[in-house]
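Please look over the model below before reading the points. They are meant for someone who has not seen this structure before.

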Amino acid sequence: MTWLRLGAAALMISVVLGAFAAHALGARLSPRSLSAFETAVRYLATHGLGLLAIGLLARSGIGAAAPLGWAGALMTAGMMLFCGSLVWLALSGPAWLGPVTPVGGTLLVAAWGVLLFALLRAG
């Protein structure tokens, strides 16, 4: 249930952030910052769906449990680092957050790789 709950929360937050960007940030952010914010929202939604998929696979017994757990944990951490740093940077956060973004992206790639591994082991 953890991955299902986190996936639903990520999707809800992505809708809230998307609405916030559309209604409150359009005139306040530079085009580059707004683009970064929108990228964060898109990735948050995409990986929220990924967490839902991991949760459904785990509940159905498809895929090895341990790799599915790792995939969920990596995806959650990656979303927090990648999406969180992009949102913060777009809203004039500290520049030192810049290097955090690719670490989060790497975790997202690793999550999908571990999910693939879990599914390949499932047959």
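This is a predicted model: local features need pLDDT of at least 70, side-chain atom pairs count only at pLDDT 80 or more; totals for chains, interfaces and linings use all residues.

1. Helix H4 covers residues 100–122 and has 23 residues.

2. Which residues of H4 are buried? They are Thr 101, Gly 104, Gly 105, Leu 108, Ala 111, Leu 115 and Ala 118. An α-helix has 3.6 residues a turn, so residues three or four places apart point the same way. The cover over the buried residues of H4 includes helix H2 (31–60) and helix H3 (65–90).

3. Val 16 belongs to helix H1, which runs over residues 2–25. Is Val 16 buried or exposed? Its relative accessible area is 53%, and exposed means over 50%, so Val 16 counts as exposed.

4. Gly 50 sits in helix H2. The relative accessible area of Gly 50 is 3%; the cut-off for buried is under 20%, so Gly 50 is buried.

5. What does Gly 50 touch, leaving aside residues up to four places away in sequence? Its contacts are Met 75 and Trp 112. Gly 50 and Leu 4 are 46 residues apart in sequence, while their C-alpha atoms are 9.5 Å apart in space.

Notes: Residues are numbered from 1 along each chain as its sequence is written. Side-chain values use heavy atoms; hydrogens and water are left out. Helices (H or I, at least four residues) and strands (E, at least two) are DSSP runs, numbered from the N terminus. The expected span of a helix is 1.5 Å times one less than its number of residues. Buried means under 20% relative accessible area, exposed over 50%, partly exposed in between (1.4 Å probe, protein chains only). Contact means heavy atoms within 4.5 Å.
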